[in-house]
Amino acid sequence: MMFRLVFFAAGLFILAFGVTLTIKANLGAGAWDALNVGLTDQIGLTVGSWIFIVGILIIILNALIMRETPKVLGIITILLIGFFVDFWMLRVFQDFEMQSFAGRAGILLSGILLIAIGVSIYLQTNFPANPIDQLMLTLHERFGLSLMAAKTIGEVAALLLALLFAGPIGLGTIIITFAIGPLIQLCNPRVHAVLGKWIAKT
């Protein structure tokens, strides 16, 4: 259990790091993150706080789609993600700013890859998923969609909401929207090959 907890926390920490990089690249955040940033700018509270609030709403949505009781343990996951994102945003990268387009593009791409790796790592532990990733799994299980298709559908829906709240939409948003699903599809079996069997034995 201790090893699983370590990998769970590490995956979320990496995920939050990737999210922060995509925001700080200033080329357009991922759809869900653009929504959270837009809500922060329009209403207030921190990005991490909105990750928690939006996450609770998605927990309810997942329960409705699956016609089951809400998976309330997912609250632990979104609390950690919100805390880690605020840590990276407010403590580590608060005054960070990259001027060159090439540097910002590199930060964006690094962030996308880290998100995919972080998701793949913490999903191996079988602890409650981030409600956004649980939405991907819910669509995958309920409608038989591939992980790539399910993730992309969720990202497009979040993109529309982010536009509504004037979130930081840009070229990066489009890249993340259509790249994150395939990257998770690519990373997940490779991470499982490295960690999955070892975690199961521990």
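Which residues does V85 touch, not counting residues up to four places away in sequence?

1. On the contacts of V85. In this predicted model, V85 touches A16, V19, T20, V47 and I51, with residues up to four places away in sequence left out of the count. V85 is also among the residues with the most contacts inside the largest nonpolar core, together with L15, W32 and Y122.

2. On the extent of that core. The largest nonpolar core holds 52 residues. Two or more of these residues come from each of the following elements: α1 (2–24), α2 (31–42), α3 (47–66), α4 (74–92), α5 (101–123), α6 (131–143), α7 (147–164) and α8 (171–201). The largest share, eight residues, is given by α5. As general background, nonpolar side chains in soluble globular proteins tend to be buried together.

3. On helix α3. The end C-alpha atoms of α3 lie 28 Å apart, and this agrees with the 28 Å that its 20 residues should span at 1.5 Å a residue. The buried residues of this helix are V47, G48, W50, I51, V54, G55, I58, I59, N62, A63 and I65. The buried residues of α3 pack against α2, α4 and α6. After the helix comes R67, which has a positive phi, near 55°.

4. D33 is located in helix α2. Is D33 buried or exposed? Its relative accessibility is 11%, and because buried means under 20%, D33 counts as buried. With residues up to four places away in sequence left out, D33 touches V19, T22 and I23.

5. V156, L160, L163, I169, I174 and F178 make a nonpolar surface patch of about 530 Å². Helices α7 and α8 each supply at least two residues of this patch, and α7 gives the most, with three residues.

6. On I174 within the patch. I174 has its place in helix α8 and is one of the residues that make the nonpolar patch. Why is I174 classed as partly exposed? Its relative accessible area is 40%; partly exposed covers the range between the buried limit of 20% and the exposed limit of 50%, so I174 belongs to that class.

Methods: Residues are numbered from 1 along each chain as its sequence is written. This is a predicted model: local features need pLDDT of at least 70, side-chain atom pairs count only at pLDDT 80 or more; totals for chains, interfaces and linings use all residues. Side-chain values use heavy atoms; hydrogens and water are left out. A nonpolar core is a set of buried Ala, Val, Leu, Ile, Met, Phe, Trp, Tyr and Cys residues joined through side-chain atoms within 4.5 Å. Buried means under 20% relative accessible area, exposed over 50%, partly exposed in between (1.4 Å probe, protein chains only). Helices (H or I, at least four residues) and strands (E, at least two) are DSSP runs, numbered from the N terminus. Contact means heavy atoms within 4.5 Å. Patches are made of residues with over 30% relative accessible area and no salt bridge: like charges are joined within 9 Å, nonpolar side chains (Val, Leu, Ile, Met, Phe, Trp, Tyr) within 5 Å. Accessible areas come from the Shrake-Rupley method with a 1.4 Å probe; for residues, only the protein chains shown count as cover. A salt bridge is a side-chain nitrogen of Lys or Arg within 4 Å of a carboxyl oxygen of Asp or Glu. The expected span of a helix is 1.5 Å times one less than its number of residues.
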